[in-house]
Amino acid sequence: MAVRGLGLFLVSTGLAFNGFLGNLDTYNRPPARPNFFVQQPKNLNSVSPQQVHISSVGEDKMRISWITDSSTPATVEYTTTSGAQGTSVTGTTSSYDYLTYKSGEIHEVVIGPLNPNTVYYYRCGSNSAPELNFKTPPAQFPINFAVVGDLGQTDWTKSTLQHIAQSNYDMLLLPGDLSYADFIQPLWDSFGRLVEPLASQRPWMVTQGNHEAEKIPLIHKEPFTAYNARWRMPFEGSGSDSNLYYSFDVAGVHVIMLGSYTDFGPTSSQYSWLQADLGKIDRNKTPWTVVLIHAPWYNTNTAHQGEKESIDMKASMEKLLYQARVDVVFAGHVHAYERFTRVYNGNTDNCAPVYINIGDGGNREGLASKYQNPKPDISLFREASFGHGELNVVNSTNALWTWHRNDDDEAVASDSLWLTSLSSEPACKVQN
């Protein structure tokens, strides 16, 4: 499937191109665990499904995505009974080229309508394909989200994924920087194989980070080629014109995925879309609103200070989120954990979002261990450790946030906070 001759060239030049991605490091990272490559299993043939992952489409459908080495029909058969003949649906197939690399056949099938909180069994492609299963999210509270950013593919990543697998989560939210392929396209294939055991069983909803851009001036001018081809999200359903920003509703929560690395100024399509999307939120139906970005708007780590994707995007969009009474904003990019109080325009505000930076999934670049001192009052908890978070939305009023540190490869609950939805606070009415 993959042409691997670019590896040496791109490894040696990748850091030079990182400047074009907004990845400007001004600090020394501690040593990280090395990258690894997940090989294609030897028992697969050219039409065997691999790199299977699923994502929600609307409130009762699921997109099944997978890759094969050779052409084969894009069909999925699904049922609620293991081993039984089910409903068959046909989808689409695509591929992409990146310099001398040509991807495998990327298949996508949208199935449904599906019942909530139900286990479905499915096969991708031919009847000889292995039977997989997934569980749909609930239609109402409670719902449990796993949240992890800057995942990569190291031994720390493996540890994080093992901890997530042990949690009883319904959907995974990822605020950018998935594979850390960084121009080396076979690493996208490796990442797909790495996450398949989890991503084929629960919907993974993602947005892009700087490491997804993979734009090379004069050589490959189109950014996000691999990301858009491999990780298609349901952007059309929310009126977005780009896979880089979208929203969806699930079990009483309105989730907004924003693009830190596409235009976000007041005259941009993303700004107009966000303004309209926030204006359509029905707090009776979705009393919680959660936003994901990649580059954090609040950050007391010395890493990634002064970047326009943080400063300019915050200046453009923070007021919109504040007026709409967004409850929580998750970000990645900084390879450490930090939780802020409810804050607007740099000051504590009880009607503003809680900001949480969780770019600590396990990437190859290591941790960002240096913080600004003294610690500002708005920063309540910060620690440079790998880990993941869980947002358990119990009902329309209460949610429990916990951050789980990877401590000697054991998941340790190290920070927690009970949140009250702003929609339930009489003093925090939505501002028009």
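Hi everyone, let's start with an open sheet of four strands, ordered E4-E3-E9-E10 and paired in antiparallel fashion. Strands here are DSSP runs of E, at least two residues long, numbered from the N terminus, and two of them pair if DSSP finds at least two bridges between them. Strand E4 (87–90) and strand E10 (132–135) are at the edges with a single partner strand each, so one side of each has no neighbour in the sheet. From one strand to the next, the twist averages 30°.

A word on the source: this is a predicted model, where local features need pLDDT of at least 70 and side-chain atom pairs count only at pLDDT 80 or more, while totals for chains, interfaces and linings use all residues. Residues are numbered from 1 along each chain as its sequence is written, and side-chain values use heavy atoms, leaving out hydrogens and water.

Back to the sheet: E9 (residues 119–124) is joined to E10 by four bridges, and Val119 stands opposite Lys135 in E10.

Now, the aromatics. Rings of Phe, Tyr and Trp (its six-membered ring) pair if their centres lie within 6.5 Å; planes under 30 degrees apart count as stacked, over 60 as edge-to-face and the rest as tilted. That rule gives 18 aromatic pairs. In one of them, Tyr337 and Trp403, the ring centres are 4.2 Å apart and the planes at 0°, so the pair is stacked. Tyr337 belongs to strand E18 (residues 337–344) and Trp403 to strand E23 (residues 398–407), 66 residues apart, so to speak linking distant parts of the chain. Ring pairs also link Tyr78, Tyr120, Tyr122 and Phe134 into a cluster. Thanks, everyone!

Note on methods. Axes are lines fitted to C-alpha atoms, for helices over the stretch in contact, and angles run from 0 to 180 degrees between N-to-C directions.
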